[in-house]
Amino acid sequence: MAQALIDLLRETYPEAASSAHSEKGDEIVTVPRERLVEICRFLKEEPRADLKLLAQIACVDLLTYASESTGGGALASIEVPAYDLDRKRPVEPRYRLAYNLGSITKKHRLRLRVELRSDDVKVPTVTGLWRTADWWERYIYDMFGVEFVGHPNLTRIMMYPEFEGFPLRKDYPVRKRQPLVPELDFPDLVRGPGPGPGGAGVPMSQTHVGRSNVDPDAYD
């Protein structure tokens with residue numbers, strides 16, 4: 001059934017369907033962001049497609065894509081050392097948005113992909129087609145900094161408004177401390193905001209190290 005969707009797109013939007021391919025059992029079509037809303041509306045309203053369900057909008061940062069299998073020498077797979085950033089060729093387009101669409105009646109699905117460069121992370125909103133897109137778009141804006149043009153209320157939902165940076169970008173430091181969120185000094189093993197020390201053989205669960213009111217030799 002997914003191949004029928006590709007053929008349908010190829011008839012109407014040949015420039016988009018030319019990029020169609022299969023990946024781990026899913027049919028994926030990369031579309032230009034300028035035609036995203038138009039193509040989404042077609043797939044939702046066209047009876048042969050009937051993709052009325054927006055299951056998810058996801059985003060991925062490809063900054064460490066080439067080196068992530070080995071951690072890239074980073075403290076964690078989501079952090080890129082300054083050394084690598086200075087010497088490695090930047091990945092462009094850096095961001096991928098994935099719109100996972102499905103049909104309840106026809107029981108088929110399709111993934112639309114939009115690629116964005118790091119210097120232009122804007123894409124039109126699809127909240128006019130799917131109300132559920134409101135939460136997904138705000139989450140991606142919150143975590144990746146992607147701006148959804150035309151969104152009626154694009155504000156942070158996971159972080160407080162003054163939060164600095166976008167924590168799911170691969171160049172966001174793992175050990176970054178937000179200036180408005182002080183570490184809490186509990187007299188037990190309950191951790192405060194922010195990641196524990198971890199790294200260098202120290203378990204992430206040992207989050208009480210360095211606090212004055214606990215035994216620094218204790219392990220949880």
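Reply: Start with a term. Contact means heavy atoms within 4.5 Å. Leaving aside neighbours within four places in sequence, Thr 30 is in contact with Ala 16, Ser 19, Arg 113 and Glu 115. Keep in mind that this is a predicted model.

Me: Where is Thr 30 found, and why does Thr 30 count as buried?

Reply: Thr 30 belongs to strand β2, residues 26-30. Buried means under 20% relative accessible area. Thr 30 has 19% relative accessibility, so it counts as buried.

Me: What makes Tyr 65 count as exposed?

Reply: The cut-off for exposed is over 50%. Tyr 65 has 62% relative accessibility, so the label is exposed. Tyr 65 sits in the loop between β3 and α4 (82-87).

Me: Which label do Cys 40 and Cys 59 get, buried or exposed?

Reply: Cys 40 has 0% relative accessibility and therefore counts as buried. Cys 59 has a relative accessible area of 15%, so Cys 59 is buried too.

Me: Which residues of helix α3 are buried, and why are they said to line one face of the helix?

Reply: In α3, residues 36-45, the buried ones are Leu 36, Ile 39, Cys 40, Phe 42 and Leu 43. Seen down the axis of α3, they fall within an arc of 160°, so they line one face. An α-helix has 3.6 residues a turn, so residues three or four places apart point the same way.

Me: What volume does the second largest pocket have, and which residues are closest to its centre?

Reply: The volume is about 290 Å³. The pocket is lined by 17 residues, and the closest to its centre are Glu 23, Val 60, Leu 62, Arg 96 and Arg 113. The elements giving two or more residues to this lining are β3 (53-61), β4 (95-102) and β5 (109-116). By class, the lining has seven nonpolar, two polar and eight charged residues.

Me: How many helices and strands are in the protein chain, and what share of its residues count as buried?

Reply: The protein chain has five helices and seven strands. Of its 220 residues, 39% count as buried. Among contacts between residues at least 6 apart in sequence, 56% join residues at least 24 apart.

Methods: Residues numbered from 1 in each chain as written. Predicted model: local features only at pLDDT ≥ 70, side-chain atom pairs only at ≥ 80, totals over all residues. Heavy atoms only, no water. 1 Å grid on protein atoms, 1.4 Å probe; cavity = no way out; pocket = protein on both sides within 12 Å on 5 of 7 lines; lining within 4 Å. Points joined across faces, edges and corners; volume = space filled by probe spheres on them. Helix = DSSP H or I, 4+ residues; strand = E, 2+ residues; numbered from the N terminus. Nonpolar A, V, L, I, M, F, W, Y, C, P; charged D, E, K, R; others polar. Buried < 20%, exposed > 50% of the residue type's maximum accessible area, 1.4 Å probe, protein only. Arc of directions from axis to C-beta.
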